[in-house]
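The following note sets out several points for a colleague working with this entry.

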Amino acid sequence: MTATPAPSAATDDATDDVSTDASREVSAGSCHALHSPVITWFEEHARDLPWRRPEAGAWGVMISEFMLQQTPVSRVLPVYEQWIARWPRPADLAAEAPGEAVRAWGRLGYPRRALRLHGAAAAITERHGGDVPREHAQLLALPGVGEYTAAAVASFAYGQRHAVLDTNVRRVFARTSTGVEYPPNATTAAERRLARELLPRDEPTAARWAAASMELGALVCTAKSPDCVRCPVAGLCAWRLAGKPPYEGPPRRGQTYAGTDRQVRGKLLAVLREAVGPVPQSVLDTVWNEPVQRARALDGLVSDGLVEPLDGGLYRLPQSRPQARPQS
């Protein structure tokens, strides 16, 4: 892939005297000017990730999108490679017990994603002949697939025109177009409208823009240390032109782990993943010394379909497909 050099970024103090209102007006009026420099930067600096290669196909893209939710690329890479080698097609995963998906998920965290991916694979096999569907509506109808994942698969795998709004993209748009340091905690209707306004009109460019803006947020316009000197659109960024005003919105959610039910659930699942057969309650009791919290965590795993209780106080990873829950 041949790329032209990315335009050089302006220095941080070149426009310190530009007002916030003016910077926002420039940003809004120049939204389409963002496309070319960001895509050009992406052509030169995009990471060589296995799910971006042609041989990954739509199934590889779907696996990666499930795994990358709330999980960094460095942790996903080895698990993704193992999954795609073991289950190169949705039917291969669907043919195994859902507990095998939970086992292979390892320590990626949020293991319900493994069950959802297994459920999506089963639906793809049953409804679409084993091929990940191309249509956004068909993707959205798969179990465990929400608006973001459907848009991402349609865009990244099939080159379609969809607004793909993950945390990185939302942060890029918040800074470049609305002049604030961070987006709201939850995606808003205004963000969706902005994403649609910024979307290039032709499908190939729109798909490239979706990937490029996401990569820009992951590598340059990061949450804690944005590298404005390397940014290809620093001269158009409303937040930077306004002097990088500090964030004044609601407190940003932090993630805790130590001592939480999530930690206990992880320890219980680790024992079950390593076991070759059912595990007695007495073994699970050794992983956490607070019995009430331990029991609550185990009950939660059973309720979520991640663990199956058996007669005689035994537990194992699920062997049958969980019942579909009614949509709320």
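In which helix is Ser 155 found?

1. Location of Ser 155. The model under discussion is a predicted one. Ser 155 lies in helix H9, which spans residues 147-158. The residue is buried, since its relative accessible area of 2% falls under the 20% limit.

2. Surroundings of Ser 155. When neighbours within four places in sequence are set aside, Ser 155 is in contact with Gln 160, Val 164, Ala 207 and Ala 210.

3. Largest nonpolar core. This core contains 54 residues, and those with the most contacts inside it are Met 62, Met 67, Trp 83, Leu 117 and Val 132. At least two residues of the core are supplied by each of several helices, including H3 (57-68), H4 (73-86), H9 and H16 (291-303). Helix H7 gives the largest share of the core, 8 residues.

4. Contacts of Met 67. Residues up to four places away in sequence are not counted here. Met 67 touches Val 76, Val 79, Tyr 80, Trp 83, Trp 105, Leu 108 and Arg 113. Of these, Trp 83 is also listed among the residues with the most contacts inside the largest core.

5. Second core. A separate nonpolar core of 28 residues is present as well; Ala 211, Ala 212, Val 220 and Val 233 are among its members.

6. Cysteines. How many disulfides does the structure hold? The count is 0. For Cys 228, the closest cysteine sulfur belongs to Cys 237 and is 6.3 Å away, so the pair is too far apart for a bond; the cut-off for a disulfide is 2.5 Å between sulfur atoms. Cys 231 is likewise in no disulfide, with the sulfur of Cys 221 as its nearest, at 6.3 Å.

7. Burial of these cysteines. Are Cys 228 and Cys 231 buried or exposed? Cys 228 counts as buried because its relative accessibility is 10%, and Cys 231 is buried at 9%.

8. Overall totals. The protein comprises 16 helices and 3 strands. Of its 328 residues, 45% are buried. Among contacts between residues at least 6 apart in sequence, 67% join residues at least 24 apart.

Key
Residues are numbered from 1 along each chain as its sequence is written. This is a predicted model: local features need pLDDT of at least 70, side-chain atom pairs count only at pLDDT 80 or more; totals for chains, interfaces and linings use all residues. Side-chain values use heavy atoms; hydrogens and water are left out. Helices (H or I, at least four residues) and strands (E, at least two) are DSSP runs, numbered from the N terminus. Buried means under 20% relative accessible area, exposed over 50%, partly exposed in between (1.4 Å probe, protein chains only). Contact means heavy atoms within 4.5 Å. A nonpolar core is a set of buried Ala, Val, Leu, Ile, Met, Phe, Trp, Tyr and Cys residues joined through side-chain atoms within 4.5 Å.
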